[in-house]
Structures are given as structure tokens and as C-alpha cells.
Amino acid sequence: MVTKFSPEINKVYFINEYSLYHVLSGSGSIEVDFKNYFDWQDKIIYLNKGQYIKFSSDNFSIRKITFADEDVFKRTEFRVLFKHLVSLGYINFAECEDCQKYLNQAVFTPDVGSLIDVSSEQWYWQNPFNAKKDEYHLIFDVKDVIDREYSNHLTSEDLISLLQENGHEAMSLVKDKIGLTVRGLLSQKRLLESQKQVSFSDKSIKEIAYDLGFKDPAYFNRVFNKATGKNPMDFRVDFDFEGRDLFAQDLHDLLRNHHSQNRSLEFYADKMHLSVKALSRKVKTKMNTSLGQLIRNELIHTAKNLLDLQVSPKQIARQLSFEEPNHFSAFFKHYTGLTPTEFQNQKYKQ
């Protein structure tokens, strides 16, 4: 099923079917499972059942595809798209001509098998963890075990036993390729599920602790606080699942309207009727990022749009209030890895 929609700001969209999200336009960050992502441009994002996504501004346009064919997802090579390890499962859309062939229209009836096939081939070609295909299968076997056993407080011996004869090899492979131990991945999964229960349920913290295999709720509180910087009740209040206050929308409106002329923290703090310290703290609490990062993202987003329109870097520098064109070029390269001219040439070749 294919839909095109404009998501509400800060609304939590729960993923109940295997889904593909293609961001057609917009500015700001997207949040998936309590992590903010600013590099969603030119990507198609795959999401698994049980995840959520929300958008930090109200100007996103999204193409969404849901896949109803459960049999497709029994093939182990497709796990790489949906079972995220330490980041999003995504395909570099601009680099995948076959993906573009299937997604070049807003409304169509997708060939599920072919679309998933070309996407998984692209993912393996991207090779994000620099592993061989058989190594990926072993790594995702571990991920399957973690997703099944996360609520059980397993010892290292338990994990090795569950991973059967490849236990030691699998554990060292995960550490080498992912940069986390298997126990670290297990803790990461348990934390994610605890955050979801705290944010999206009305269960008591004690109930959640017991559900996740903690015998002592006070110990669960300490573990949660250490990982998130907040106790569970404060985390629930700050996430504001039901209320969805207008703070983020008000701030994004200011950024969109003023980022080309004003990039001082004091300016935005004054407009939001807060001190710089209070605004910075609230941005961190509510949006899990920094005000400086949000300002930079708006500048980069606007610069990319203007470069796509073949506006010269010199004109963009002036429009975005950089003192000198070379200051803009240095800024752009620092945050994108390309000079403005290289970015234009790259887009032109595509």
C-alpha cells in the first residue's frame, strides 16, 4: 500500500507493518526510537514493526509504503533492512538506480519482492559495517537472539549457549564489526524497550521493571537514570506523548523564518522568552539535540536547496549572511564533506 502524507509535528507514528518511508521534502530532524537523525536526505528508510517515527517540523512530505506480504520477510537476507543494529536501516536512494526505478512515481502498485530485493542488494553494497555477507548473517542471528531474549538477564555463558556452536566467534565478530559487545547490544535493546514502556504505557515503573526482568525496581531506576540522564517518571513527562506541546513547532517556525539572518543563541532565547541556558536545556530535554545543531541544520538545508537550483555559492553566502564566500564554503564542507561546487557537480551528474 502506498500513501503520501504530511505528518503532524512531533506526533508519534507507530509502525505496525513492515514499512518504507521516503522523505520527499522537509526540514529539521526525524526521530526514530528516541534517536534524532538529521541526514535523512536522499535516503529511503526501512522500519520494522514495533518502531516509531516522528518529525520535528510541520513541513515534511512523506511517501510511505507498507508491505503486507509476510512471507517475503521470512528470507534471512532481508533482516538487514529492518532489524536495526546501531542506526537506521536505510538505502542511499541517489546511488540506487533500481530503487529509483521502483520509486519514481508518487502513486503506484509496488512489486514487493523486487523492491525488497534491490534494496537489500543496495544495503549489502553500501556495506555499513565492512563485513562479508556470511558475517552479516551471523551478526543478525545474534540480533534475533537479542530481540527474543532481551527481558531475560542472561550471563555470557547463557548467550554463548543460545548462539550454539558459533557463540565465541559470533561475540567477537559483533564487537569487531559493530563496535559493541553482544552484552552491550542486549543492554541497548533492553533500554529501548524500557523507554517505550515508560513513554507509551500507563504502567507503573514497578510493573515495567518486573516486565523487563528486573527484580528490584530501585535498581531499574538507577540503570535507567544512568543511561538516559533522567529517572523514568521524568522521562515520561518530558517525552510528552499525549500532550505534544508546541515548543518544538514554535522553535522550528523561528528557525525557518530567521536562520538566514540570525544565528545567535541569544536571539532565539529572547524570541522564546527564555534565558539562553534555559532554552538550551529545554531543547536538549525535549528534542535530544542542541540549539546550535538545529541552526546549522537549517543553514545546510537551505544551502542545499539553493545549490540544487544552481544558485552560485557566492550568492548563497550573501543570502545566508556569511561575511565572505569562503567562510560559507568552509562551513558547508565542514558539515557535509563537500564544497558547495562539489555538491552541485555531484547532483548535476546524477
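Predicted model: local features only at pLDDT ≥ 70, side-chain atom pairs only at ≥ 80, totals over all residues.

Tutor: Residues are numbered from 1 along each chain as its sequence is written, and side-chain values use heavy atoms, with hydrogens and water left out.

Student: Which class describes the aromatic pair of Trp123 and Phe140?

Tutor: The ring centres of Trp123 and Phe140 are 6.2 Å apart, and their planes make an angle of 80 degrees. As planes over 60 degrees apart fall in that class, the pair is edge-to-face.

Student: Why does the pair of Trp123 and Phe140 tie together parts that are apart in sequence, and how many residues apart are they?

Tutor: Helices are DSSP runs of H or I with at least four residues, strands are runs of E with at least two, and both are numbered from the N terminus. Trp123 belongs to helix 3 (residues 112-126) and Phe140 to helix 4 (residues 133-149), so the parts tied together are apart in sequence by 17 residues.

Student: Which strands stand at the edges of the open sheet of 5 strands?

Tutor: Two strands pair if DSSP finds at least two bridges between them. The order in this sheet is 1-8-3-6-9, with antiparallel pairing. Each edge strand has a single partner strand, so one side of each is left without a neighbour in the sheet; these are strand 1 (2-5) and strand 9 (89-92).

Student: Is His84 buried or exposed?

Tutor: His84 is located in the loop between helix 1 (79-82) and strand 9. Buried means under 20% relative accessible area, exposed over 50%, and partly exposed in between, with a 1.4 Å probe and protein chains only. The relative accessibility of His84 is 13%, so His84 counts as buried.

Student: Which side chain forms a polar contact of 3.2 Å with the side chain of His84?

Tutor: A polar contact is a pair of N or O atoms within 3.5 Å; within protein, one must be able to donate a hydrogen and the other to accept it, and residues adjacent in sequence count only if both atoms are side-chain atoms. A polar atom of the His84 side chain lies 2.8 Å from the backbone oxygen of Tyr46. The side-chain partner at 3.2 Å is Gln51.

Key: Phe/Tyr/Trp six-rings, centres within 6.5 Å; stacked < 30°, edge-to-face > 60°.
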